[in-house]
Amino acid sequence: MLRLAFVYLSFLLVSFGHAQDVKIDLGPDQIGLNETFTIKVTLSNDKIKSYDQFPEIAGFQKQGISQSSSMNIINGQMSSSNSIIQYYKPTRKGQFTLGSFSVQINGEAFTSPGKSITVGDAANNQSFGGNPTDPFAEFFGRSAEEPEYVEMDDDAFFAVSVDKKEIFAGEGFNLNIAFYMSEQNRAPFEFYEPGRQLDAILKKLKPNNAWEENFNITNIQPEIVDINGKRWMRHKVYEASFFPFSEGTIEIPQVPWEMIKYKVAKNPTFFGANRQEDFKTFYSTGHTITVKPLPPHPLKNEVSVGVFQLRENITNLEVETGKGFEYNFGVSGIGNINSVSPPKRLPGANLNTFDPNVRQQVNQGYGRVSGIKEFNYYITINEAGEYELDDHFQWIYFDPVRAVYDTLMPQAKILVTGESKVNQAISGQRLGGIYDRIDSESNQFSNEQYKYYFTTVINLLLLGAVALLAVLIIKKK
C-alpha cells in the first residue's frame, strides 16, 4: 500500500513538473462496460475561452463535458491550469479505435494520435475506471462511503430570439434558438437529445403562412457573443429567416429546453466519481410579431419586398440589325430571392426578346438572407438607331427600410447599325391560321346555284313543321 501511495505522489509531482502549454490526455487502453473513457485537454497558465466539438468514437456515446481549474505556488512561482474533460460511455464490448484528431482551443488546433480501446466485462467496484468511491480513502483515513453530491449555481439560459417585432408582409425576420452559458459559469452541462427536442419545439414555433429559409445547422458549435457587456458562450441549435405572405400577427410561444446538469461531489477525490447526472429545464421568452400590409399600389400583391439593387451585364454595346446579343438583368440584395420575378417587359417596336434563362444564388448568414437572381435575355433589334433599355425593361419592388415602392431600370444603351431587317423579320415569321391553308385550298369560285337549292329545302322543312304543330294544337282542343 505504501508503494502504491508513493507511485501516486510521484505521478502528481511529475505532472506538475512537466506541464506543457496544451496537453491532451487519453483514458486507459482497457475499461469495463460500466466505466467511462475520457479525453482531457489541459491548458497551462491561461484560460480556456473557446473550444470545438470533441471527436466521436465508434461504440461509445458522449456523456457530457466537465471543466476544472487549479493553481499552485511552488517556491514563490505561481502556475495555473484549466482543463476540459469529455466523457464517453461504451455501448457494447469489443475493441474500438479512436483515430487521430484535432481540437480547437482558443482558436488554435492541437492534435492527438488517438489509440485503441478495449471494452471488457463490467468492472467491480474496486477497479479505477468507474469507481464511485476513492480506493485510497482507507489509506488516507477517509470514509469509503458514496460521496455527497451538490448542485452548483449556474449562469446560463435558453432563448428563442427574433430580430424584428414589426415587419411588412413579405419582409423577412430572423428566428434564432440557442443555449447560452457565461464565461464565469462553472456548472457542468451537456445537451440532452437536442434533435428530438428541437423537432417538438419547431412544431410550435414555425409560422404556417410564411416562406422559410433554413440556415441548416448540423453541429452545435460554441461561439463567443457579447450581451450587454458580458461575454457568453452561445450554442446555436436552429436559425432560419421567415417571410410572411400576408399581414396579421405571428405568435412565438414560450417553449422548454431540457439540459443534463451534473451535480458535483462535495468532497471530490482523485479516483472517485466526482459528479452525478441530473436534469434542468430552461424556458424561453415568447414574442409577438406584427405583420403590416403593404401600402396601396396596383402591384401590391405581386412585388418582392426587400433591399435590392440592379446588376446588369451586356456582351455587346454596338450591334448590327438582326444580330442577336445577350443582356443580363440581375436583382441582388437582402430579401426573399426565391420570390423575385422577371422584370416587366414594356411594349416597344423593333426589339424582340425570348423567355430568359434564370439563375439564382441564395446565401444565409449573419442573421439574414441575401443573394442574386439573374435573368439572361437574348435580344434582336431589326431597325438601326440608339435604344435605351430602360424603355423596354423595369422591375418594381417594395423597400421596407424606406417604406416606399421603387423601380430598378437599366442604364444600358444599345447602338444598332445596318440596314432595316423589319420586312425580312416579318417574312420569316410563321403567320399561322388561314395563311397556312392558302397553298392547299382551291382558288375557284363556288357555285351559287347550290346555295339557292339548299336554302329552299330548309325553308320548306320549316314550313312543314309549323303546319304539323298547328294541326296537333287544333286536334287537342
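Leaving aside neighbours within four places in sequence, with which residues is S161 in contact? S161 is in contact with N174, L175, N176 and H287, where contact means heavy atoms within 4.5 Å. The model is predicted, so local features need pLDDT of at least 70 and side-chain atom pairs count only at pLDDT 80 or more, whereas totals for chains, interfaces and linings use all residues. Residues are numbered from 1 along each chain as its sequence is written, and side-chain values use heavy atoms, with hydrogens and water left out.

**Setting of S161**

S161 lies in strand β11; helices (H or I, at least four residues) and strands (E, at least two) are DSSP runs, numbered from the N terminus. With a relative accessibility of 28%, S161 counts as partly exposed. The classes are buried at under 20% relative accessible area, exposed at over 50%, and partly exposed in between, with a 1.4 Å probe and protein chains only. From C-alpha to C-alpha, S161 and I252 are 9.3 Å apart in space, although 91 residues apart in sequence.

**Overall fold**

The chain has 4 helices and 34 strands. Of its 477 residues, 37% count as buried. Among contacts between residues at least 6 apart in sequence, 71% join residues at least 24 apart. The accessible surface of the chain is about 29000 Å², and 52% of this belongs to carbon and sulfur atoms; the areas come from the Shrake-Rupley method with a 1.4 Å probe, and for residues only the protein chains shown count as cover.

**Nonpolar cores**

A nonpolar core is a set of buried Ala, Val, Leu, Ile, Met, Phe, Trp, Tyr and Cys residues joined through side-chain atoms within 4.5 Å. The largest one has 31 residues, and F158, L175, I177, F179 and Y238 have the most contacts inside it. At least two residues of this core come from each of β11 (156-162), β13 (173-182), α2 (194-205), β17 (230-244), β18 (248-252), β19 (256-261) and β23 (287-292). The most is given by β13, with 5 residues. Another core, of 23 residues, lies apart from it and includes F325, L351, L389 and A412.

**Aromatic pairs and charges over rings**

The structure holds 22 aromatic pairs. Rings of Phe, Tyr and Trp (its six-membered ring) pair if their centres lie within 6.5 Å; planes under 30 degrees apart count as stacked, over 60 as edge-to-face and the rest as tilted. The rings of Y377 and F393 have centres 5.0 Å apart and planes at 55°, so this pair is tilted. Because Y377 lies in strand β30 (residues 368-381) and F393 in strand β32 (residues 393-399), the pair ties together parts that are 16 residues apart in sequence. Both Y377 and F393 are buried. Elsewhere, ring pairs link F158, F179, F189, F191, W257 and F282 into a cluster.

A charge sits over a ring if NZ of Lys or CZ of Arg is within 6 Å of the ring centre and within 35 degrees of the ring normal.

| Charged residue | Ring | Distance from ring centre |
|---|---|---|
| K292 | F168 | 4.2 Å |
| R345 | F393 | 5.8 Å |

**A three-stranded sheet**

An open sheet of 3 strands has the order β10-β20-β21, with antiparallel pairing; two strands pair if DSSP finds at least two bridges between them. The edge strands, β10 (149-150) and β21 (275-276), each have a single partner strand, so one side of each is left without a neighbour in the sheet. Strand β20 (residues 263-265) is joined to β10 by 2 bridges, and V264 in β20 is the bridge partner of V150.
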